[in-house]
Amino acid sequence: ALLAASAAWRSAQVGLAFERIAAGDQTALHCTLEAASAELDALCDALAIGFSPHLPADSGANGPKQVSRPVADESSGGLAGRPGRRRLSFARRALAGNSAARAVLDRRSRAKIRALTCASLHGRDVLSRLVGEGCTSATAFTWASQLRCRWEEEAEVESRSLRGRAADLKGDGGNLHVTIGEYNRRHGYEYASGGEVLVVTPLTERSYLSLARAAHLSMGGAASGPAASGKTETVRALAREVGVWAVLFCSRRLRCTSSITQVITAVGHSGAWGIIDDLPPLAALPPDLLAELAATCSALFSALRARRPWLEWMGEQTALDHAAALFITLSPGLAAGCNELPPSLRSLFRPCALATPDAALICRTELIAGGWCDAERLGAKLAALFRLAASLLSSQPHYDWSLRSLKRVVGDALLARQAEVAASPSKATPREAAILEQSALLAALRSATSSCLSPNDAPAFDGLLAD
């Protein structure tokens, strides 16, 4: 709920900025970008980064108390509000219940603030892109292709240009709506645990747009890409943003026609997003299973496209929830032909290719969300180190220089640095914090790689570390 409200807040601020631009205020986006940077500073300060001296809360003798700051009125291009009104911004209101800055946060509060920091950092990057490209309207593709949340009344929804698909918006879930391109549906308000949040990169944005377009057309989505490129995580993160339940099915367990029928009809009946993970290559699929999969998917998509209230298969009718969607993932390189859809499925699933993820951006976001002040430099160096190690060291079957291994190293370094901060009551200067962060990252790298490097590769890897 907090992430959805945060997304709705950011979308509303950008919408107001575009309205002010239409009214003649050409600096509205710049002011919104400055406000977003201030929000990010407040979150980083709560995570014990010394970016901003302003505290989201002040703990005195009577406990934490809110600290309000003046916000400019609309005529001055600041955040929306009445002239002279003093109020807390969204992030500061969310953090107002925490203890003072530099205090050790409990696990739940830290996970909450990390998620908010990742979302705010992506929002700031999007605003920077809008300012750099000179966007002046909400119809600009850079903004229209983003995942946006907004509160809408039913009368407003019915009058939108998605009139033919207004039935998508009818159901339980309130007035929060999610829009990506032409895709627009009511938020499902499905519970999402406070676990790890996917770092949104430009590749993730394009994948969101392609998969949401497939759901808008009542088609399936086929995400293909190399191992550890985030195919399954991207679909699950999009389902979390839309507020629906994502159910993962291992394709190698679908060994009979009845299991395929049960899985697809259950997805249609529950309104969940089904993900068939790692579809086997064409040569490994028995003809009867392939035919059953294609026929059942065709029946489901036809019922969704025709807006029928039920799904009919083999003479049986099942109630159909129109929030349902079906996706599959493919991993090229595992076997011959594994990156190609069978001909009977190509017309049913919209392809979405995920290339190599931006490891430097992911590292930077993870480190910033973990409370590091030298995240930009260390994230770029760590991504470059893994890229050089994969290309310069020998090829061994047990070597793993993928994104999964990189994120494990980042997680170990974050835990080690968090323990150091908890054990040290004094606040380190930015220079001292940068040195301690680099030491924690080097220790995590040596711990993860020293035991698996071959004797010939160990000196070369030590040289990369020394660089």
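The buried residues of α15 are Ala433, Ala434, Glu437, Ala440, Leu441, Ala444, Leu445 and Thr449, and they lie on the same side of α15 because they cover an arc of only 145 degrees around the axis, the arc being that of the directions from the helix axis to the C-beta atoms.

Before I go on, please keep in mind that this is a predicted model, in which local features need pLDDT of at least 70 and side-chain atom pairs count only at pLDDT 80 or more, while totals for chains, interfaces and linings use all residues. Residues are numbered from 1 along each chain as its sequence is written, and side-chain values use heavy atoms, with hydrogens and water left out.

Staying with α15, this helix has 20 residues and spans 29 Å from its first C-alpha to its last, close to the expected 28 Å, which is 1.5 Å times one less than the number of residues. Helices here are DSSP runs of H or I with at least four residues, numbered from the N terminus. What covers the buried residues of α15 includes α13, α14 (403-423) and α16, contact meaning heavy atoms within 4.5 Å.

Let me turn to the salt bridges, of which a search of the whole structure finds 11; the criterion is a side-chain nitrogen of Lys or Arg within 4 Å of a carboxyl oxygen of Asp or Glu. One of them joins Asp462 and Arg446, at 3.6 Å from N to O, and this pair links α16 (residues 458-466) to α15 (residues 430-449) across 16 residues of the chain. Asp462 is partly exposed at 38% relative accessible area, and Arg446 is likewise partly exposed, at 42%.

Another salt bridge is formed by Arg114 and Glu366, at 3.2 Å from N to O, and here the partners are 252 residues apart, with Arg114 in α4 (residues 107-133) and Glu366 in α12 (residues 359-369). Arg114 is buried at 15% relative accessible area, and Glu366 is buried at 6%.

Arg364 bridges to Glu376, the closest N and O atoms being 3.7 Å apart, which connects α12 with α13 (residues 375-392) over 12 residues. Arg364 counts as buried, at 11% relative accessibility, and a network of salt bridges links Arg364 and Glu376 with Arg124 and Asp125.

Note on methods: Helices (H or I, at least four residues) and strands (E, at least two) are DSSP runs, numbered from the N terminus. Buried means under 20% relative accessible area, exposed over 50%, partly exposed in between (1.4 Å probe, protein chains only).
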